[in-house]
Every structure is written in C-alpha cells, then in structure tokens.
Amino acid sequence: METGVLVPQNADRAEPDHASVWAWAAYSTDLQSTWMHIARDHLAQVKDPAQRQPFMNLTRARPWKPDGPGTIDANVLADRCEPYPAGHMPEGVTGVYAGMDTQEGGRNGKPRHEIVFVGYGEGEECWVLDRVVIDGIPGVDRDGRPIQEDLEPFSPDAARAVWAALDREWVTADGEILHPEAEAVDVGYDMNARWPSATTRRAGSGRSSR
C-alpha cells in the first residue's frame, strides 16, 4: 500500500473536491483475509451460488445485483419514512429497545459509542427511533463558549453519558411514557475495558446493563 499509486477512474464524471477509494480484501491486514482465505471463498461461491453475494460484497467489495426477478427499488425504504415529533413515536410502538456498538475511530482517534433506539410493535414491526453518538462531553472554553471535550470511552464520565442516553423517555402516540426494555452492547474488540463500566450499578437506580 505504501508504494502503490492511486489510479483515477471515471474522472470525467467525478464531483469537484470529492474522492472515494475502492479497496477489496486483498489489501486488508486482517489475518482472516489472506490469499488463502480469498481463494477458499472464491471456490466456495463457484460451488454454491448462495455464497456469491457475500463473496462479491465482502471480499470483492463490489455491489451485487441478482439475476432475474426479485430486485428491490433503492428508494422503497426511504418512501416508507414517517415523520413524527422528536421524543415521540409512531402509532403502533409498544416497546423500545436499544443497541450499542463501540467503534474505533471517534474523536481524536479514540473509540466512540453509538446507540440506536428501535421501537417494536405487533407482528415484530419495527421503527428506528433515533441514533446517538457519544464521543465527547459538553464543556465550555475559556470564553464561555460551548464545546465538546474529549472523552475516554470507558471512563466513569462515558458510563454516565451512556446511562443518561438510555434513561431517555419515549412517548407513545397515545401519551404513554416508555423506557428501553433491554439494551444490547457489542464491544467484542475490548471486552476487558468495557465490562466494568457496563456492569457498574448506578447510584440510586438499582439498574445495570446485561
């Protein structure tokens, strides 16, 4: 990669000041993306057509368009969006759940927490309610202007910020107040660092995450 050369493609159709980079699995430093793994996955998708899409998407980093009928218009999901006031939920939501993922590459290169709140209703119909990113804490500079200060991702301050987000109240269409019934946390890359703050019981709450 250090000695490689970027070769422009579709330069005549490129937007000003906009650049994108395409890189497939051969450039990855992941130990599960060696040439041996790539060759094995290639042979697997030759034998089993069901493996073709993940091979194209995850290994070749290429879009996949299935043959024959069954394709879905890219705008179908966007066309189904429903406007609703902040803090309120669409009619039909009976329960709220939260999923949190800790990702590397946040403020100043430190990990960040991303929380997605989802509402569920009858027949497992679901709505994405909100997305919260926690990679800093509110502060003020010397002139009293509001700023976002750096945040250690597994510090007590970060844990308090996560709990504050999870304590948010959600109002149903008929005025009932709901709180998340369960939270799931994915921190597989640094479980030892995350576990203490995830299991710390908050003062006065008696509630802990699982």
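1. Let's start in strand β8, where D186 is the bridge partner of D101. Strand β8 covers residues 182-186 and pairs with β1 in the parallel sense, over five bridges. Two strands count as paired if DSSP finds at least two bridges between them. Strands themselves are DSSP runs of E with at least two residues, numbered from the N terminus.

2. Before going on, a word on what you're looking at: this is a predicted model, with local features needing pLDDT of at least 70 and side-chain atom pairs counting only at pLDDT 80 or more, while totals for chains, interfaces and linings use all residues. Residues are numbered from 1 along each chain as its sequence is written, and side-chain values use heavy atoms, with hydrogens and water left out.

3. Strand β1 has another partner to look at: β1 and β2 run antiparallel to each other, paired over nine bridges.

4. Next, T102, which sits in β1 (residues 95-103). T102 counts as buried because its relative accessibility is 3%; buried means under 20% relative accessible area, exposed over 50%, and partly exposed in between, using a 1.4 Å probe and protein chains only. The T102 side chain makes a polar contact with the side chain of H113, at 3.1 Å. For such a contact, two N or O atoms must lie within 3.5 Å; within protein, one must be able to donate a hydrogen and the other to accept it, and residues adjacent in sequence count only if both atoms are side-chain atoms.

5. On to the aromatics: there are three aromatic pairs in the structure. One of them is edge-to-face, because the rings of Y97 and Y120 have centres 5.7 Å apart and planes at 85 degrees. This pair links distant parts of the chain, with Y97 in β1 and Y120 in β2 (residues 112-120), 23 residues apart. Y97 is partly exposed at 31% relative accessible area, and Y120 is partly exposed at 34%.

6. F117 and W170 form a tilted pair, since their ring centres are 5.4 Å apart and their planes are at 45 degrees. F117 lies in β2 and W170 in β6 (residues 170-171), so the pair ties together parts 53 residues apart in sequence. Both F117 and W170 are buried. The rule for Phe, Tyr and Trp (its six-membered ring) is centres within 6.5 Å, with planes under 30 degrees apart called stacked, over 60 edge-to-face and the rest tilted.

7. Last, have a look at W22: the charged end of R62 sits over its ring, 4.1 Å from the centre. That label needs NZ of Lys or CZ of Arg within 6 Å of the ring centre and within 35 degrees of the ring normal.

Conventions. Helices (H or I, at least four residues) and strands (E, at least two) are DSSP runs, numbered from the N terminus.
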